[in-house]
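The following report concerns side-chain contacts in a protein model. Please consult the sequence and the coordinates alongside the text.

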Amino acid sequence: MEQTELQVEIPSVLKQTSCQNIKDFDYVDYGNGNNPNPLENAISDKESYGESIAGSKITKLELQEVVIISLPASPSGLHIGQTKLVLHSEKCENTDQNDTKNPYPQLAKQKKFHSQPILVRENGDRKVVHSEAIRDHRFDPFKTWSGRLERQISNLRGKPTQEPDIEAGASQREEIEEAPGVDRYFDALEGPELDTLRATEVSVLPEDEKWPFLLRFPVNAFGICLGVSSQAILWKTLNTSPAMSFLHISPMPNLILWWAALALILFVSFVYLLKIVFYFEAIKREYHHPVRVNFFFAPWIACMFMALAVPPSIAVNLRPFIWYILMTPIFILELKIYGQWMSGGQRRLSKVANPSNHLSIVGNFVGALLGANMGLKEGPIFFFAVGLAHYIVLFVTLYQRLPTNAALPKELHPVFFLFVAAPSVACMAWAKIQGDFDYAARIPYFIALFLYMSLAVRVNFFTGIRFSLAWWAYTFPMTGASIATIKYTMAVTNVVTRSLSVCLSAISTFTVSTLLVYTIVHAFVLRDLFPNDISIAITRKKPKFSKMLSHFRSSSADSKDFDSSISKNSEI
Amino acid sequence: MAQNQRRFNVTNHQIPIPTLHQSTTNTTGTDTGTSTRASKTASSSDLSILTRFHAGYFRISLALCSQALLWKTLAEPTTDARALSSIVRTIPSFAFILLWSIALLTLLLLCLLYLVRCFLRFRSVRAELAHHVGMNYLFAPWISFLMLLQATPFLQPDNRLCRILWCAFSVPIVVLDVKIYGQWFTQGKRFLSMVANPTSQITVIGNLVGAHVAAQMGWKESAVCMFSLGITHYLVLFVTLYQRFLGSDSLPAMLRPVFFLFIAAPSTASLAWDSISSSFDTGCKMLFFLSLFLFASLVSRPALFKRSMRRFSVAWWAYSFPLTILALAATEYAQDVKGVIPNVLMLVLSVLSVVVTLALMVFTALKTNDILPHDDPFVCYNIARGTTT
């Protein structure tokens, strides 16, 4: 219908017709006999493809009237790259490699996305009409094998198969074959954790709806495991170190924290494993995100913290094979990421360096510490050397604050605490390797202390920043600094060092408890602990009409404004 | 002469303004011999061997001399008796002397050619000195001489002649150091951030090899001096190369084998510190492990080298020297840390380096035509100097 008209004439902007007459149009018959009067905005093709606003539902505030906007094109960003194909179909000889030669079969292949009509304020209740017969296909591109896995599973469970969108799946798969290049992440996102969408960008998935829980579960969640398990190490050190015996700390906190950390790790790993199984494409996008990729080290670091924090009542000497098991994934990840720094064109360090890269370095030092604890000799030195070399590179790069480096936040942010992580763990690792806290261990310790102080005196600059799950990852450097201070106190015991250790331990415990309260509040009271993970839903190419989008965003959702903006945009 | 210049102009389609990128594209064509337009319009006879020859050919001598050093080290009695010496003892000693002689002859031949080129094609040499890749290879002959000196089967390390020769070979290295390192932070067009590329590590390797040989001969102070020079600049260079500034991305795809120099530098540092401190202590181990890691990192990225492997060129010789130095470091490591894994490591790396070198020699023998490029690598600079001077 719309396809054939494209060549001939530009249809009028607004066309009114009954939704029942249009094929593939989402029509839901309500049992109460009230036939909603859908006002369909059959916007002309050019605008509809150009606008491609995902799942925008304009709700009229009157009862019993449902506005359904069903755009023949796919929502937002998925097919933006193909919009130019339609707009320039006359002169378009060389299209994208992804696009077929004949535009029209492609259009036919494009998925029709059905808006879900929402009845607002019917009898005061919010009735979300989410017909069970229609599966939500909007999240298919992020699912494993574009949703075919889910269909398989629902097949196995005996549920009837929904419409087999083979054609739609093919075109979507073409789009999502490749995750966006790293430039796109920097263009589309902003913020110190690169998690806020810029105003000119649009998300591939609907922004005003809550996505499935698994899709909202970021890899940052492993930060909680890091935070809690490092606390367990702190309390174990407080309990076992002779220099701190004046505090008379019992082994109970260590035990409790260790079990809590274990439970957390298991839970988070289980959920993330589910995400890997069901939403593998989302995992790929997280992996290509310049900040999130560093959090892929977090599970292994958390496991190593667990091994370091194991209470003496459970196990005293751990077997070396655990170390090999834990270091292998870190080694493989490192080969990939450091190799990209050295030789990768797009992901050169001068461009992607950000404080979260410290997470990829700290893994080396934690591994060295654990290995030395277990009595291994050469392996810890190996990882210490690799970590040290790359730490020097990263440290210099971040300190330079190169103009090519867009990822470094201009204002202070808790992510800066990661600067403290590497030297504090490195000093402990070196002390363990050498056997005593010699000068080569004291130098990184003092550096860590200096960085900690320079951030602590600026703590008032940290206020007013939106809480996010990643903050947990920033608590472990503080805890690490406290533990390093305790080890230093064991070597140099006097009043100053003792009070310093007590002070730092108190600060870190207080911070973690505050964060725990915040987390609980956000999880159960505010229920926004897991917001929509916009950073993985950016488009592969910059939307063509970004200015229009930002204009549209700033205008209110009132239908009048919408109409006026549509007419305004039609003149562009 | 003007006609020749014009022909070169046509040949290379270059605007005669010397920029780093222009010379890069030129080198792309030459090092591979794939600039087909050049080969069509300018036949090889127009350009003599001297013009086509450049300092990069010293990679061959680097590889052979380091091989000789490796064989000598493997045959040392301190090498663990269990692992390797049984194999090594089967190689008759005359094979080692043969290798040493071949290395010496190759080195002398290349030096001779380069000397003649200096006299007859001075413009090319000047252009080479100014090029960001070419200038680093001026260290290569001295490194080769030093390694050959250490590998020599005739002289004892603390012989008087040895020391004189060491001085003779190290002085040019220091002179070049002053020139090139000074340029890094003083000269506008040749700041380190602009010229840094993996071949810059050859300058560092030069200092470290000098330190290594000096320490072997008993001159600890000179050894420490050169070592500190080398290691400081290595630190700066390592960070710069890892950062990969946009300006430093001027290495043509055909020269990708030189990425293996990332492996060579820390291994050489490890060897040097080992000779200075007389034991393979933690610092040496850390440097050795770093180079092992970089080796694993490069070997797991075959796509990086795909383009350069399409056609044989002298750049392929860049694979051999770093592998040999890594094997040398592994040998020292295995000598100090006895055990199964160090010995296995030493064995694997030595075999790998020998195989690679032999393969390269076979390739060179078979494809002598390809080993010389088809046009002058620095011709655009010649034109520039012709027009501007």
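Is A:Phe530 buried or exposed? At 16% relative accessibility, A:Phe530 counts as buried, where buried means under 20% relative accessible area, exposed over 50% and partly exposed in between (1.4 Å probe, protein chains only).

## Basis of the model

This is a predicted model, in which local features need pLDDT of at least 70 and side-chain atom pairs count only at pLDDT 80 or more, while totals for chains, interfaces and linings use all residues; side-chain values use heavy atoms, with hydrogens and water left out. Residues are numbered from 1 along each chain as its sequence is written, and chains are lettered from A and ligands numbered from 1 in the order in which they are written.

## Aromatic pairs

A pair of aromatic rings is described by the distance of the centres and the angle of the planes. Here, rings of Phe, Tyr and Trp (its six-membered ring) pair if their centres lie within 6.5 Å; planes under 30 degrees apart count as stacked, over 60 as edge-to-face and the rest as tilted. The count by this rule is 48 aromatic pairs over all chains. One of them joins A:Phe213 and A:Phe530 edge-to-face, at 5.2 Å centre to centre and with 90 degrees between the planes. A:Phe213 belongs to helix H8 (residues 213-216) of chain A and A:Phe530 to the loop between helix H20 (495-525) and helix H21 (546-554) of chain A, so the pair ties together parts that are 317 residues apart in sequence. Helices are DSSP runs (H or I, at least four residues), numbered from the N terminus. A:Phe213 is partly exposed, at 36% relative accessible area.

The rings of A:Phe222 and A:Tyr272 are also paired edge-to-face, because their centres are 5.6 Å apart and their planes stand at 75 degrees. This pair ties together helix H9 (residues 222-240) and helix H10 (residues 252-278) of chain A, its two residues being 50 residues apart in sequence. Both A:Phe222 and A:Tyr272 are buried.

## Aromatic cluster and charge over a ring

One aromatic cluster contains residues of both chain A and chain B, including A:Trp323, A:Trp341, B:Phe288 and B:Tyr333. Elsewhere, A:Arg442 lies over the face of A:Tyr439, 5.5 Å from the ring centre; a charge sits over a ring if NZ of Lys or CZ of Arg is within 6 Å of the ring centre and within 35 degrees of the ring normal.

## Nonpolar core

A nonpolar core is a set of buried Ala, Val, Leu, Ile, Met, Phe, Trp, Tyr and Cys residues joined through side-chain atoms within 4.5 Å. The largest one has 247 residues, of which A:Leu226, A:Phe384, B:Met147 and B:Phe288 touch the most other members. Helix H17 (residues 418-434) of chain A gives the most to this core, with 13 residues. Leaving aside residues up to four places away in sequence, A:Leu226 has contacts (heavy atoms within 4.5 Å) with residues including A:Phe305, A:Leu359 and A:Phe476.

## Salt bridges

A salt bridge is a side-chain nitrogen of Lys or Arg within 4 Å of a carboxyl oxygen of Asp or Glu. Five salt bridges are found over all chains. A:Glu286 meets A:Lys275 at 3.3 Å, N to O. This pair links helix H11 (residues 280-288) with helix H10 of chain A, the two residues being eleven apart.

Within helix H11 of chain A, A:Lys284 and A:Glu281 lie three residues apart, about one turn of the helix, and form a salt bridge with the closest N and O atoms 3.6 Å apart. A:Lys284 is partly exposed at 27% relative accessibility, whereas A:Glu281 is buried at 13%.
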